Amino acid sequence: MLVKLEPLDPVRIADLRPYFDSVPDPRARRGRWYSLTAILLVCACAVVSGARSIDELAEWGQRASNALLTVIGIRRHLLGWRRTPASATIGRVLGAVDGDALDRAVGAYLADRYRAATEPAQAPSPSVSGLSRVIAVDGKALKGSARLTATRRHLLSAVTHGTVVTLAQVEVGAKTNETTYFRPLLAPLDLTGTVVTFDALHSVKANISWLVEAKKAHYIAVIKTNQPTAHAQLAALPWQSIAVQHTASGAGHGRRESRSIKTCGIADELGGIAFPHARLAIRVHRRRKQTGRRETRESVYAVTSLDAHQAGPADLAAAIRGHWGVENSSHHIRDVTFAEDTSTVHAGTAPRAMATLRNLAIGVLKTLGADNIAKTTRAIRDEPQRAPPILGITNTDGRPRGSATR
């Protein structure tokens, strides 16, 4: 699996340490032995190696050699009392760290890695569609973080289509919903010319107007039955008189599936429901045949600010399918490979910090070309020295460098 990864070129792979240096240390200065950057680097290397829990984060440090620990900034004790952060230390740090600052640091790092991986020598975009860049806005609950006195944590993320990288993440408060955090999530990102996909929950007039007018982006809003009025209005358009404009089919995992798409030009307002800057209505019809079961059919509707000359039916179909693909390419990996749903971490910001570290591991491995995260992390797990170069830490000769020596 490691042979399949792209060459670990130190010129193209940014060093993670300066990004972690920007995260403020929540601890009092008195009594610190390990720097915050060093502890976070241990955690990052451990998660790239497949660690699922705080105990497994600490175990990675226990398996690492003294020279490797020195490289990532672990301060050695002359009497040997301390060699690497214990699980209790890591748990306290992750529970107290500024979640927003950590997400900003990891998001900035992954954005730089994504740019380096997808834009070398003016190469065409690797996005699943022909569009320049497509980002999905999607939420995920951390089921194991719930307690009798607290609801489970909920995170909202901005994830690239194609090469899956989480560019931004925010935690949704228990007394509100995802819609409130739509702008704070996307505000730090440069979205000029980007297509943002989301479902009907975020189809709020003010948010859509802000996205198009302030961020200079386009949108594709998938309308589901949980928005019955909008869904009914879209379904009532004269689809029967419109010819199919693109079809695609495939087989795998015991099923065959075919998809067809139709588009229809619309005005800025559709049936009294405001869709600012809307130009096209979209219908995707899916037919699925599971082995040994009856064929099922489903129609999915969407609205977009893209004109017909900006995106063809094939591009729109790929972008809509890519939005659903985030579930498999990110959320499914976090739940199955990293056991996120079964994690019982709940103290402070630790659940969010663990999710951020999983996003980091998935993003860096995806940008290197890994097509199976589970197999890749297993290949790295038994050899701790393989993890730092993946995060841009290449001076593995035992000589400390930069801020990691604090």
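Glu178 sits in the loop that joins strand 3 (166–172) to helix 7 (182–186). Helices (H or I, at least four residues) and strands (E, at least two) are DSSP runs, numbered from the N terminus. The model is predicted: local features need pLDDT of at least 70, side-chain atom pairs count only at pLDDT 80 or more, and totals for chains, interfaces and linings use all residues. Residues are numbered from 1 along each chain as its sequence is written, and side-chain values use heavy atoms, with hydrogens and water left out.

Glu178 is buried but has no salt bridge. Buried means under 20% relative accessible area, with exposed over 50% and partly exposed in between (1.4 Å probe, protein chains only). A salt bridge requires a side-chain nitrogen of Lys or Arg within 4 Å of a carboxyl oxygen of Asp or Glu. The nearest side chain of opposite charge, Lys224, is 9.7 Å away; Lys and Arg count as positive, Asp and Glu as negative, and His and the chain ends are not counted. The Glu178 side chain does make a polar contact with that of His202, at 3.1 Å. Such a contact is a pair of N or O atoms within 3.5 Å; within protein, one must be able to donate a hydrogen and the other to accept it, and residues adjacent in sequence count only if both atoms are side-chain atoms. Beyond four places in sequence, Glu178 is in contact (heavy atoms within 4.5 Å) with residues including Gly139, His154 and Leu201.

Helix 12 (residues 373–381) buries Ile373, Thr376, Thr377 and Ile380. These residues lie on the same side of helix 12 because they cover an arc of only 95° around the axis, taken from the directions from the helix axis to the C-beta atoms. The buried residues pack against helix 2 (36–48), helix 10 (313–336), helix 11 (350–367) and helix 13 (387–390). Asn372 caps the N-terminal end of helix 12, with a side-chain oxygen 3.2 Å from the backbone nitrogen of Ala374.

The largest nonpolar core has 98 residues. A nonpolar core is a set of buried Ala, Val, Leu, Ile, Met, Phe, Trp, Tyr and Cys residues joined through side-chain atoms within 4.5 Å. Helix 2 gives the most to this core, with twelve residues. Leu186, Leu211 and Tyr219 have the most contacts inside the core. The contacts of Tyr219 include Leu211, Phe275 and Val303. A second, separate core of 17 residues includes Val134, Ile220, Ile282 and Ile320.

Val303 belongs to strand 11 (residues 295–304). Val303 counts as buried because its relative accessibility is 0%. Val303 and Val222 are 81 residues apart in sequence, yet 6.7 Å apart in space, C-alpha to C-alpha.
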